[in-house]
Amino acid sequence: MPDSKDLIECYKVVTEEMKSLGLRNNPNILEYVVGEWTVEENPIAGKCDEGGIWAATSLLGAKKIGYYVGKRYGTGTRIFKARANGELHRTPCRIKVREIVLEEEVV
């Protein structure tokens with residue numbers, strides 16, 4: 001487990017089945033378990049959709065992603081407060097990381 005001072009607070013949006021959303025035809029679907037680290041085996045730095053785990057940097061951003069997925073694809077989602085490690089890329093609203101742990105669901 002990484003040193004807690006190096007962890008990045010974020011929000012992860014997953015399907016109701018606790019899997020990656022698979023947006024932009026990303027074929028690398030990961031499964032998540034609350035309290036367990038999920039690690040991307042082949043991380044790729046930069047803004048490409050593959051090779052990392054994307055998370056929202058704010059709760060509002062996570063809610064927007066959940067709303068979009070529900071409206072566009074009819075898929076139910078869940079949002080979790082999370083901590084991440086190994087930053088690969090950052091935008092104003094999202095972050096791409098090597099590993100993430102889901103801590104508690106946001107209701």
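Start by selecting residues 59-73, which form helix H1 of this predicted model. H1 has 15 residues, and the distance from its first C-alpha to its last is 21 Å, close to the 21 Å expected at 1.5 Å a residue.

Next, within H1, pick out Gly61, Ala62, Ile65, Gly66 and Val69, which are buried. These residues lie on the same side of H1, because they cover an arc of only 140 degrees around the axis.

Step past the end of the helix to glycine 74, which follows H1. The phi of glycine 74 is positive, near 70 degrees.

Finally, select the cysteines. How many disulfides are there? With sulfur pairs required to be within 2.5 Å, the count comes to 0. Cysteine 10 is in no disulfide, and its nearest cysteine sulfur, that of cysteine 93, is 14 Å away. Cysteine 10 has 1% relative accessibility and therefore counts as buried. Cysteine 48 is in no disulfide either; the nearest cysteine sulfur is again that of cysteine 93, 17 Å away. At 34% relative accessibility, cysteine 48 counts as partly exposed.

How values were computed. Residues numbered from 1 in each chain as written. Predicted model: local features only at pLDDT ≥ 70, side-chain atom pairs only at ≥ 80, totals over all residues. Heavy atoms only, no water. Helix = DSSP H or I, 4+ residues; strand = E, 2+ residues; numbered from the N terminus. Expected span 1.5 Å × (residues − 1). Buried < 20%, exposed > 50% of the residue type's maximum accessible area, 1.4 Å probe, protein only. Arc of directions from axis to C-beta.
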